[in-house]
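Trainee: I'd like to go through this one with you, helix by helix and then loop by loop. Can we put it up on the screen?

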Amino acid sequence: MPARTEGWTPSTTLDILDRAATARPEATALICGDRNLTYAQYHRAVAALADVWRDARGRVIALVLRNGLEIAVALFAAQRAGATVTTLNPDYTAREVAPLIEDAAPDLILTHEDLHSKVREASNGRVSGET
């Protein structure tokens, strides 16, 4: 985390990420196993996904992702895009996750490729063939 700056008060977690990416772009921001992202890489990944989701303001995005770099990027990207996020446990069976998807009524579901068929089944086909 960058050194505190006199008179600067962050208002959101995105402000903190923006500040860190500017102050310490090459510093390690995230580590997951043998993978890591610098603050600059993290910031760019969040901005790129938020751009894909630029029309998501006020919409619900369900994340069916394992703990890792992808979920960290997706959470910040959804916040930057103005979306509401719900996270669903990727270890649940299709039967267990189905009522959660129904309750959340997401406009978009993001998952790993190997979980796609389970999420598609749980969502009654609301998930497209794209991953």
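Trainee: Are α1 and α2 oblique, or roughly parallel, in this model?

Mentor: Keep in mind that we're looking at a predicted model. The axes of α1 and α2 make an angle of about 135 degrees and sit 8 Å apart. An angle over 145 would count as roughly antiparallel, and 65 to 115 as roughly perpendicular. With about 135 degrees, α1 and α2 are therefore oblique.

Trainee: And what is the hand of the crossing of α1 and α2?

Mentor: That crossing comes out left-handed. On the α1 side the contact is made by Leu17, Asp18, Ala20 and Ala21, and on the α2 side by Tyr39, Tyr42, His43 and Val46. By class that's 6 nonpolar residues, 1 polar and 1 charged. So, for the hand you asked about: left-handed.

Trainee: Now α2 and α3. What angle do they pack at?

Mentor: Helix α2 covers residues 39-52 and helix α3 residues 69-81, with 8 Å between their axes. Their crossing is right-handed. The two are oblique to each other, and the angle is about 55 degrees.

Trainee: How many nonpolar residues does the contact of α2 with α3 have?

Mentor: From α2 you get Tyr42, His43, Ala45, Val46, Leu49 and Ala50, and they meet Ala72, Val73, Ala74, Phe76, Ala77, Arg80 and Ala81 of α3. Sorted by class, there is 1 polar residue and 1 charged one, and the nonpolar count is 11.

Trainee: Let's move to the loops. Which residues does Arg59 touch, leaving out those up to four places away in sequence?

Mentor: Arg59 lies in the loop between α2 and β3. At 37% relative accessibility, Arg59 is partly exposed. Its C-alpha is 9.5 Å from that of Ala81, 22 residues away in sequence. As for what Arg59 touches: Ala83, Thr84 and Asp107.

Trainee: And what is the phi of Ala105?

Mentor: Most residues other than glycine have a negative phi. Ala105 has a positive one. You'll find Ala105 in the loop between α4 and β5, partly exposed with a relative accessible area of 40%. Its phi is near 45 degrees.

Trainee: Zooming out, what pattern does the protein chain follow along the sequence?

Mentor: Start with the inventory, which is 5 helices and 5 strands. Among contacts between residues at least 6 apart in sequence, 56% join residues at least 24 apart. Read along the sequence, the pattern is α-β-β-α-β-α-β-α-β-α.

Trainee: Last one. How much of the accessible surface belongs to carbon and sulfur atoms?

Mentor: The chain has 131 residues, and 36% of them count as buried. Its accessible surface comes to about 8,100 Å². The share belonging to carbon and sulfur atoms is 47%.

Notes
Residues numbered from 1 in each chain as written. Predicted model: local features only at pLDDT ≥ 70, side-chain atom pairs only at ≥ 80, totals over all residues. Heavy atoms only, no water. Axes fitted to C-alpha atoms, helices over the stretch in contact; angles between N-to-C directions. Helix = DSSP H or I, 4+ residues; strand = E, 2+ residues; numbered from the N terminus. Parallel < 35°, antiparallel > 145°, perpendicular 65-115°, else oblique. Contact = heavy atoms within 4.5 Å. Nonpolar A, V, L, I, M, F, W, Y, C, P; charged D, E, K, R; others polar. Buried < 20%, exposed > 50% of the residue type's maximum accessible area, 1.4 Å probe, protein only. Areas by Shrake-Rupley, 256 points an atom, 1.4 Å probe, with all protein chains shown as cover.
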